[in-house]
Amino acid sequence: MPENVKRNVLDAGDDESPEINIPEELPLLAVRDLVVFPNMILPLFVGRESSILAIEAALVQDRLIFLVTQRDSDIDDPQPGDIYTIGTVSLIMRMLKLPDGRLKILVQGLSKAKILSFEQERPFLKIRHEIIVEPSLEELSIEAEALMRNAREMTEKILSLKGILSPEMSSILESIDEPGRLANLIASNLHLKLDEAQEILEQQEPIHRLIRINDYLRRELEVSTMQAKIQSEAKEEIDRSQREYFLREQLRAIKKELGDFDERPDEIEEYQQKITKARMPKAVEEEAVIQLTRLEQMHPDAAEATMVRTYLDWLVEVPWSKSTRDKLELKEAKAVLDADHYDLEKVKDRILEYLSVRKLNKKMKGPILCFVGPPGVGKTSLGKSIARAMGRKFTRISLGGIRDEAEIRGHRRTYIGALPGRIIQGLKTAGVNNPVFVMDEIDKIGQDFRGDPSAALLEVLDPEQNSAFSDHYLNVPFDLSKVMFILTANLVDPIPSALLDRMEIIRLAGYTEEEKLEIAQKYLIPRQLQENGLKPGHLTIAPNSLRQLISHYTQEAGLRNLEREIGSLCRKVARRIAEGEKGPFVINRGNLHRYLGPPRYLPEGEQEKDETGVATGLAWTEFGGELLYVEASLMKGKGQLTLTGHLGEVMKESAQAALSYSRARSHIFNLSEDFYEKLDIHLHVPAGAIPKDGPSAGVTMATALISALTQIPVRKDVAMTGEITLRGKVLPIGGLKEKALAALRARMKKVIIPEANKKDLTEIPKHIKRRLKFIPVQNMDEVLQVALTRPPGREETKKTSSRLRAKTSRPLASLASKATTQ
């Protein structure tokens, strides 16, 4: 523990120090932040164990101890090299033990001494010293007399400026007639730096010591004079303000008595107080004062006065300097995120990374994150959890359908009914300048003749520009760099590329059945029980019935419909309880239909069997992954290709490529070379009312077409995705995780994917890879080996089987032996 020092005595007095026989060896006490001078009396608080032992050793002998200053006050266990060599032999006058184990001692400095050697280092320092005898002056020279008089006068001036000069202090200064002793007295009471005070102590010549003291006194006098001037000016300002206040109150009372009372001064004064309290930046405060001066000069009923009042109200209510302190404890933040959301590890890691960097760099700018995923996966609620984990306020706006640039930047004040934009409004609602700001539906923003809102967002979402964001209404810069912006979208494609470049995209795929089951049990069911006034003992939903509810009553990537169905169960149970029935109520697979009716959806995989000309594809939509069935039918005709199902241009081109591939390899599939001239081919994708397009249905169309031509059924438990070329190569696709979830929901066993997408399997959760077998392929021949119930041609079968055996070193019943099962 440090030795804390309190100085309360100028000097030991006028009398000389008593004659004491000082031994050559003394225990040493190292003090911090203080230099002890001879004739100085002061209390010391001692807490270090070695220091306490040194004091006890001194008390046992002759109460003498050697006090010396540490070179570095942060060292708790000073060694011989950590202390100065010159100190003061001191007498312990009193000692008191404190309740916390420390000692309080009162010491008097006797003589300067120099350390000759260290005789002992443990358990406390013990030294051999030599007394430093100062040269005595038989008669004071004129120079010495002048230095002493100057030192006294400057000391009295300093004490007078500080208001602590007393007659006793003046008499003490006048009574000392030795230059060295006067220098010691003044040095011990000046606020000198440690090295400066030690320099004074080590100076042996009294005259030289007094010269240095005069230099320090001159500096201290200048500082004290300036300090007194500042205090005097501050006092005059306070007195003037108080006088004006009293005069203003008297004037108000006189006007009230005369019936000429005007409330406008109260309004102006109130605005002045609000402007001061808002702690605006200098430029903003200047603008506020200008507008307040205009308001003061206007007639109160003028139309423009109302506009100025509204503008001032916005200026004083916007949080220019109000902010919340971030919670930077990573364990607490992770606990909050885990408590609010299941899984989503990638998003949680990104937030924890931001907090880690924020902990190391306090001036870090806020990130611009964009959560992209299907509806109901928790994008907006994740923003609320992030705000709670960081200890920040939360605010949200929806950008869906916004077409006016003024919604972002605000209106010019010249328009009637002008207001700031949604950004400034959101910050005013939050009440701080560093909230978590969620902008929903960034992909559904529009534009028209009134401007492009997405272009206005470029400044908002650019960390290099938003530190001086200018709203058209306020017309003064506002710093948005402290705001943590989180945007949400269902699709990336509609977002302008310039805006997309400013955001960090984090994709949130849909949930598997197991994940939905965990989320429902941990979050959805307790929340719906509470919202519907039920206790946990009133309703029990068995896990098997919850699985059936997920698979047969909902079909979504997110959780909204699942929560609605759980809420419906809770409401029906709540009604039965309100009607007098007694619980508990247990919902299982046998009685689930009594509450929710017959199942609304049947898993696609359970509806189908191995059929000729029907292949199962996988598609990506803004709502997640979906199954896409492609049907092919052959009829006698003249080689016409018919495409139905509301297909887009890309899918029509995929169908043409599939037909060209089939014609080019007709000899391998045992088809006549002119088969297409005698047949009409009809490719249909069911659910014709729904528009469909995308570059990943080529392999599905080719498989369905070849199956119809060769009359070989397609396996019902195989789903596929990928685009093909005229040479039969399979090209990579996107949205693999969403498509894998769709295949899992449909009870598929195998998924054919392009070889180039093999790297994306690392992002697929392990529990999905345990239930689905992913089969990377390079060309259509490998696709047909897996998808069809038997090979389409003998010659090609031998070639493909030989090549696959070389890859897998296992017998090939199908290409499933080449699958990547992780």
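Here is a chat between two colleagues about the predicted model above.

Modeller: Residues are numbered from 1 along each chain as its sequence is written. This is a predicted model, where local features need pLDDT of at least 70, side-chain atom pairs count only at pLDDT 80 or more, and totals for chains, interfaces and linings use all residues, while side-chain values use heavy atoms, with hydrogens and water left out.

Colleague: What radius of gyration does the protein chain have, next to a compact globule of 822 residues?

Modeller: The radius is taken over C-alpha atoms, and the globule rule is 2.2 Å times the number of residues to the power 0.38. The C-alpha atoms fill a box of roughly 140 × 90 × 65 Å along the principal axes. A compact globule of 822 residues would come out near 28 Å, but the protein chain has 44 Å.

Colleague: How are the rings of tryptophan 320 and phenylalanine 478 arranged: stacked, edge-to-face or tilted?

Modeller: Rings of Phe, Tyr and Trp (its six-membered ring) pair if their centres lie within 6.5 Å; planes under 30 degrees apart are stacked, over 60 edge-to-face and the rest tilted. A search of the whole structure turns up four aromatic pairs. In this one the centres are 5.2 Å apart and the planes at 50 degrees, so the pair is tilted.

Colleague: Which strand holds phenylalanine 478?

Modeller: Helices (H or I, at least four residues) and strands (E, at least two) are DSSP runs, numbered from the N terminus. Tryptophan 320 sits in the loop between α9 (303-317) and α10 (330-340), and its partner is 158 residues apart from it. Phenylalanine 478 is in strand β11 (residues 477-478).

Colleague: Is tryptophan 320 buried or exposed?

Modeller: Buried means under 20% relative accessible area, exposed over 50%, and partly exposed in between (1.4 Å probe, protein chains only). Phenylalanine 478, at 2% relative accessibility, counts as buried. Tryptophan 320 has 10%, so this residue also counts as buried.

Colleague: Which residue just after α12 takes a positive phi?

Modeller: Among the buried residues of α12 are Leu382, Ile386 and Met390. Just after the helix, the positive phi of about 75 degrees belongs to glycine 391.

Colleague: What is the relative accessible area of asparagine 670?

Modeller: Asparagine 670 has a positive phi of about 60 degrees although it is not a glycine. Asparagine 670 lies in the loop between α22 (649-664) and β19 (679-684). This residue is exposed, and its relative accessible area is 62%.
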